Amino acid sequence: MISKEQFNTELDLIITNALREDIGDGDHTSLSCIPADAQGKAKLLVKDEGIIAGVAFAKQVFSYVDKDLQVETFINDGEKVKYGDIVFHVSGKSQSILMAERLVLNAMQRMSAIATKTAFFMGLLEGTKTKVLDTRKTTPGIRALEKWAVKIGGGENHRFALYDMVMIKDNHIDFAGGITAAITKTKKYLADKGLDIKIIVEARSLDEIKEILSVDGVYRILIDNFNYEDTRKAVALIGDKCLTESSGGINEETIRKYAECGVDFISSGALTHSVYNLDLSLKAID
């Protein structure tokens, strides 16, 4: 994953662009019917069940919109919530609360859904050593939020983007002229560029795993679309030479069986691309 500084830059970009998109030249509804100096208070109301995520991000949004907005938090990121729970109160200028409302809700509903699904997957793996990884199958423009939500739900982050880790997959292997050629060229490229980033290589067969292991410098082998029996064989073959990752259509029905094969990680695009937003609302209170 990227550095904390880079991650914070991504969050700033998300907030800036989302507010630009939503507010434009002004929230004319609020500007027209609510006095500029009017003070208000609102509550973040849960109308669903799951894991709450995005509380810390919501505070960043409120502060960005109006540094005088005050947030009183009752439930923190990563905690279970149920229908009727109040996550926080926000108070200050009514116009400011309304300008921040939609971004806060859109982000928290999405993040909470991802955190909830991640926590569910992690629960299925209880008692094994395997951890769940996200992927780059994220919503364009808000990847930082979705990967943050995976962490809140108890999962681990895969690479953030194409620049913070090398992942040699089937097409790279075929275009480069084979596994050994792809790894060798990659190691030279990284050395020439002075880049200290990890290398993951995808294997499509046990023979390919043997070839990967014959070349030094691989951090993790991606055991892609293997059945259970071959996954167990792959894990035994790899041993402690490098880390292992299973992927390829793994779902809630199969995830534990793959974990029981002994892999270190299971990556799942479903954590971020197949979720239903948690139902949340921001309601004015007296």
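The UniProt annotation "domain: Quinolinate phosphoribosyl transferase N-terminal", taken from an unreviewed entry, covers residues 27–112. The model described here is predicted. Within the annotated span, 42% is helix and 28% is strand, and the end C-alpha atoms of residues 27–112 lie 27 Å apart.

**Overall make-up**

- The chain holds eleven helices and twelve strands.
- Its C-alpha atoms fill a box of roughly 70 × 40 × 25 Å along the principal axes.
- The chain has 286 residues, of which 48% count as buried.
- Taking contacts between residues at least 6 apart in sequence, 70% join residues at least 24 apart.

**Four-stranded antiparallel sheet**

- An open sheet is formed by four strands in the order β3-β5-β1-β12, with antiparallel pairing.
- The edges are β3 and β12 (280–285); each has a single partner strand, so one side of each has no neighbour in the sheet.
- On average, neighbouring strands of this sheet are turned by 20° against each other, direction ignored.
- Six bridges connect β1 (residues 39–46) with β12 in the antiparallel sense, and Val-46 has Leu-280 as its bridge partner in β12.
- Helix α3 packs on this sheet by touching β3 and β5, and its direction makes about 5° with that of β5.
- Helix α4 packs on the sheet as well, touching β1, β5 and β12, with its direction at about 155° to that of β5.

**Helix α3 and its buried face**

- In α3 (residues 55–65), the buried residues are Val-55, Phe-57, Ala-58, Val-61 and Phe-62.
- Viewed down the axis of α3, these buried residues fall within an arc of 155°, so they line one face of the helix.
- An α-helix has 3.6 residues a turn, so residues three or four places apart point the same way.
- The packing partners of the buried residues of α3 are α1 (4–23), β3 (70–73), β5 (86–93), α4 and α5 (143–152).

**Ser-96 in helix α4**

- Ser-96 is located in helix α4, which spans residues 94–124.
- Its relative accessibility is 6%, and because the limit for buried is under 20%, Ser-96 counts as buried.
- Apart from residues up to four places away in sequence, Ser-96 touches Val-65, Asp-66 and Leu-69.

**Six-stranded parallel sheet**

- A second open sheet has six strands in the order β6-β11-β10-β9-β8-β7, and the pairing is parallel.
- At its edges stand β6 (131–133) and β7 (166–168); each of them has a single partner strand, so one side of each is left without a neighbour in the sheet.
- From one strand to the next, the twist averages 25°.
- Strands β9 (residues 220–224) and β10 (residues 243–247) run parallel and are joined by five bridges; Arg-220 has Leu-243 as its bridge partner in β10.
- Helix α8 (residues 206–213) lies across β8 (199–203) and β9, and runs at about 155° to β8.

- Ser-268 sits in the loop between β11 (265–267) and α11 (270–273).
- With a relative accessible area of 4%, Ser-268 is buried.
- A polar atom of the Ser-268 side chain lies 3.3 Å from the backbone nitrogen of Ala-270.
- Leaving aside neighbours within four places in sequence, Ser-268 is in contact with Phe-121, Leu-133, Asp-134, Thr-135 and Ile-250.
- Among these contacts of Ser-268, Leu-133 falls in the edge strand β6 (131–133) and Phe-121 in helix α4 (residues 94–124).

**Asp-170 in helix α6**

- Asp-170 belongs to helix α6 (residues 170–176).
- Asp-170 is partly exposed, with a relative accessible area of 28%.
- Asp-170 and Ile-199 are 29 residues apart along the chain, and their C-alpha atoms are separated by 14 Å.

Key:
Residues are numbered from 1 along each chain as its sequence is written. This is a predicted model: local features need pLDDT of at least 70, side-chain atom pairs count only at pLDDT 80 or more; totals for chains, interfaces and linings use all residues. Side-chain values use heavy atoms; hydrogens and water are left out. Two strands pair if DSSP finds at least two bridges between them. Helices (H or I, at least four residues) and strands (E, at least two) are DSSP runs, numbered from the N terminus. Axes are lines fitted to C-alpha atoms, for helices over the stretch in contact, and angles run from 0 to 180 degrees between N-to-C directions. Contact means heavy atoms within 4.5 Å. UniProt positions are given in the numbering used here, feature names are shortened, and annotations may be inferred rather than shown by experiment. Buried means under 20% relative accessible area, exposed over 50%, partly exposed in between (1.4 Å probe, protein chains only). A polar contact is a pair of N or O atoms within 3.5 Å; within protein, one must be able to donate a hydrogen and the other to accept it, and residues adjacent in sequence count only if both atoms are side-chain atoms. The arc is that of the directions from the helix axis to the C-beta atoms.
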